[in-house]
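Hello,

Here is the structure for you to look over.

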Amino acid sequence: MSIKVGDTIPDGTLQYVPYDPNESLEACPRPLPYKIHEKLKGKKAIIFAIPGPFTPACSEVHVPGYIQHAHSLHSKGVSEIICLSVIDGFVMNAFGKVSGSKDKVIMAGDGSAAFSTALGLTQDLTKGGMGIRSKRFAILVDDLKVTYVGVEEARGVTVSGAEAVLAKL
């Protein structure tokens, strides 16, 4: 069963590296835990998922949309914008540096797919060589309550994009 509006977002722990403007691309800092309930209690947040960093739609459309609209999303009361992928926090840190997410989007890994599984939003991309990954989605959360869920049913970025979420705020 997939997460739906009105549900409490499941608790879980992602892995991320806090943004450091002085960190080089080659730096390899150890990711820290990002505990969903601890970090998001009392806040409005967006959690959006990409099937894979450095893949076309993720790199060219999905992540850039949230970077571009970060200011507008924050002005509507969003405290945190979290991009997750079923991959480790090291790769998400590198992807964040290359994509220019800086302090606008938290790039977090869900390495074992535990959080994505708890949401009911995984997909099997084994035939394409990617294994179990998250679906492409966006969830809007307000004090741990889900107020919007947009899951892509086909290729492309529509209901999970920054513009769709911004329209729901």
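The lining of the largest pocket splits into six nonpolar, three polar and five charged residues. Here Ala, Val, Leu, Ile, Met, Phe, Trp, Tyr, Cys and Pro count as nonpolar, Asp, Glu, Lys and Arg as charged, and the others, Gly among them, as polar. This is a predicted model: local features need pLDDT of at least 70 and side-chain atom pairs pLDDT 80 or more, while totals for chains, interfaces and linings use all residues. Numbering runs from 1 along each chain as its sequence is written, and side-chain values use heavy atoms, without hydrogens and water.

A pocket is an open set of points on a 1 Å grid over the protein atoms alone, where a 1.4 Å probe fits, with protein on both sides within 12 Å along at least five of seven lines; lining residues have an atom within 4 Å of a point.

The largest pocket holds about 440 Å³. Among its 14 lining residues, Pro 51, Gln 123, Leu 125, Arg 136 and Arg 155 lie nearest the centre.

The second largest pocket holds about 280 Å³. Of its 18 lining residues, Tyr 19, Asn 93, Gly 96, Ser 101 and Lys 102 are closest to the centre. α4 gives the largest share of this lining, four residues.

Regards

Notes. Points joined across faces, edges and corners; volume = space filled by probe spheres on them. Helix = DSSP H or I, 4+ residues; strand = E, 2+ residues; numbered from the N terminus.
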